[in-house]
Amino acid sequence: MATPRSPSIRNFFIAAVLLLLIHGVSCFYLPGVAPEDFEKGDELKVKVNKLTSTKTQLPYSYYSLPFSRPEKILDSAENLGEVLRGDRIENSPYVFKMREPQMCSIVGRIKLDAKEAKDFKEKINDEYRVNMILDNLPLVFPIQRQDQESPVVYQMGYHVGLKGQYTAASSLFFVSKLMSMFAEIQRYHKDMQTDAARIVGFEVKPFSVKHEYEGNWNDKNTRLTTCDPHAKHMVVNSNSPQEVDEGKEIIFTYDIEFQESEVKWASRWDAYLLMSDDQIHWFSIVNSLMIVLFLSGMVAMIMLRTLYRDISKYNELETLEEAQEETGWKLVHGDVFRPPKNSDLLCVYVGTGVQFLGMVVVTMMFAILGFLSPSNRGGLMTAMLLLWVFMGLFAGFASSRLYKMFKGTEWKRIALNTAVMFPATIFALFFVLNALIWGQKSSGAVPFGTMFALVFLWFGISVPLVFVGSYVGFKKPAIEDPVKTNKIPRQIPEQAWYMHPAFSVLIGGILPFGAVFIELFFILTSIWLNQFYYIFGFLFLVFIILLITCAEITIVLCYFQLCSEDYLWWWRSYLTSGSSALYLFLYSTFYFFTKLEITKLVSGLLYFGYMLIVSYAFFVLTGTIGFYACFWFTRLIYSSVKID
């Protein structure tokens, strides 16, 4: 009776997995915060976030420019991820009432001195954008696509100002314009039973207006002639822009408009997560997956048929006692499990790769299940850091198990190297990059308090967990080799040019990189061009394909290596799939020169520094996948043949 039910159980499981992935592809997420109901007339407070620029990649605090300020500036509570992202959330003077429109509300007035005018011009020239938050929703600028039927695309924030071009009698010069007035549109979803409403949208229409007024300026009683709420006279264009220069007077104003929306509160992030080139994205991802799946299927089929023939041949020859001389991969059975040079370092890298693999898998599962909500700013980075710390347990276990198989005895030294080597390299590079950011007086610089918190997570939690894992792993019985190792190493014959280690390693990294480079484009765009990325379903599929591809290409090249009587496969298996990190860094260099407009030296150093960290982590991840695939493969084939 169990057999007829098994297809149903299997179909149910497949359907559940597909449904989960579809939810992940279609931006499935949990709200992340509890909804807040607002009655008509309730006070709404706008918070301001950092100023961002895709040209410099250096965030600055909102009040680094002389914008209008509240009486007292208060910092909002920030999690670890927000601090590392450079978010600096503060209160603002923009306060208004729920569902009560406002027109030409005056925020403040400033008269620029030389330094303030210079700061404004620099930020405008570098295309900095202002970011604000209302009810945990970021401020966005709607852009209508050329295809009117397509949905509106949102850009984060609005420009501090624009650079204009004017002609004079004898010269051509540029004048910076400041967005001195903007209209905010609050979209809300109304509960028909209680008359309460929830914020579901926060949009902006910025204008640059040179405001004028009659008489002397008075903060409370001055009435503007350029816009007047009493006469229903409002600004609808930037025909008379506000010039930024020393001695110029700037008056900040805003309008508030409320629009009822059919969008429910639980779905209010959907419009934000809509990608502007979704059709190209979907087609490219599916096409890439199909090609890689097809190649992987062919490789697997060829390997299975070839290995089956080899194993059958070897076993048949020994049964008939006709094997006068061994050939092929069986010939090196006495050396294939000989510990490699620098075996301690290999154990450390394998353990670190296990730690990184565990972090990536658990993070993706959380994201697919919707726990990493986009409303929880910095949640993804915080989750990855904490998971990395707790995965130290598995790192220590994996490194010590491999170390004991190599007949090692000093497990504490291996545990210490596993806990320190990779994080120390990353931390040193991160510290140098943070010093560069600090030198630019950017809010993106990580404070020393946060640095101390990172060091505490490292030495206070991660290092002890690595030692615990190493202790447990070393106490377990050593992994036994399927064949005995000869005392005297066998001489490796001269290899063909295409079996040279450098050539085979570089070739091996192409296919894994090909599995991810399309998705890599969208990830880089979301990071460096300040766009949302929330399609973890597709990302998880690409990651599975990456696992399969790394494993299979390493197994294939390892098989060819053993057939050519070269038994030094330990390090080569790690480097074969790990070399895909080299192509990732080269692609990031191509992306830098073709897609980004970074011109400052410090910004360029930050980009390549962070991409070097990402590439190094990718090397550790893919190298470990390839190593374990080859480790399983060699143990499988040498335990399947009869050895005298």
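Modeller: A nonpolar core is a set of buried Ala, Val, Leu, Ile, Met, Phe, Trp, Tyr and Cys residues joined through side-chain atoms within 4.5 Å. Buried means under 20% relative accessible area, exposed over 50%, and partly exposed in between (1.4 Å probe, protein chains only). What you have here is a predicted model, where local features need pLDDT of at least 70, side-chain atom pairs count only at pLDDT 80 or more, and totals for chains, interfaces and linings use all residues. Residues are numbered from 1 along each chain as its sequence is written, and side-chain values use heavy atoms, leaving out hydrogens and water.

Biologist: OK, so how many residues does the largest nonpolar core have?

Modeller: Nonpolar side chains tend to be buried together in soluble globular proteins. In this model the largest core has 139 residues, and Met132 and Trp570 have the most contacts inside it. Helix H15 (residues 601-638) gives the largest share of this core, 19 residues. There's also a second, separate core of five residues, including Trp217 and Cys227. Helices (H or I, at least four residues) and strands (E, at least two) are DSSP runs, numbered from the N terminus.

Biologist: Let me pick a residue, then. Is phenylalanine 618 buried or exposed?

Modeller: Phenylalanine 618 sits in helix H15 and has a relative accessible area of 12%, so it is buried. Leaving out residues up to four places away in sequence, phenylalanine 618 touches Val516, Leu546, Ser580, Ala581 and Leu584; a contact means heavy atoms within 4.5 Å. Phenylalanine 618 and leucine 357 are 261 residues apart in sequence, yet their C-alpha atoms are 9.8 Å apart.

Biologist: Now helix packing. At what angle do H5 and H12 pack?

Modeller: The axes are lines fitted to C-alpha atoms over the stretch in contact, and angles between N-to-C directions run from 0 to 180 degrees. Helix H5 (residues 343-368) packs against helix H12 (residues 536-563) at about 150°, with the axes 9 Å apart. That is why H5 counts as roughly antiparallel to H12 (under 35 degrees is roughly parallel, over 145 roughly antiparallel, 65 to 115 roughly perpendicular, the rest oblique). On the H5 side, the contact includes Leu357, Val360 and Ile368, while H12 brings in residues including Phe536, Gly537 and Leu547. Twelve residues of this contact are nonpolar, one is polar and none is charged.

Biologist: And where do the axes of H5 and H8 cross, in degrees?

Modeller: The H5 axis and that of helix H8 (residues 411-439) come within 9 Å and cross at roughly 55°, which means H5 is oblique to H8. In this contact, residues of H5 including Asp344, Tyr349 and Thr352 meet residues of H8 including Arg413, Asn417 and Phe422. Here seven residues are nonpolar, four polar and two charged.

Biologist: Last one: which phi value does arginine 99 have?

Modeller: Most residues other than glycine have a negative phi. Arginine 99 has a positive one, near 60°, in the loop between strand E2 (90-97) and strand E3 (102-111). Arginine 99 is buried at 13% relative accessible area. Asparagine 342, also not a glycine, has a positive phi of about 55° and lies in the loop between helix H4 (278-319) and H5. With 58% relative accessibility, asparagine 342 is exposed.

Definitions and conventions. Nonpolar A, V, L, I, M, F, W, Y, C, P; charged D, E, K, R; others polar.
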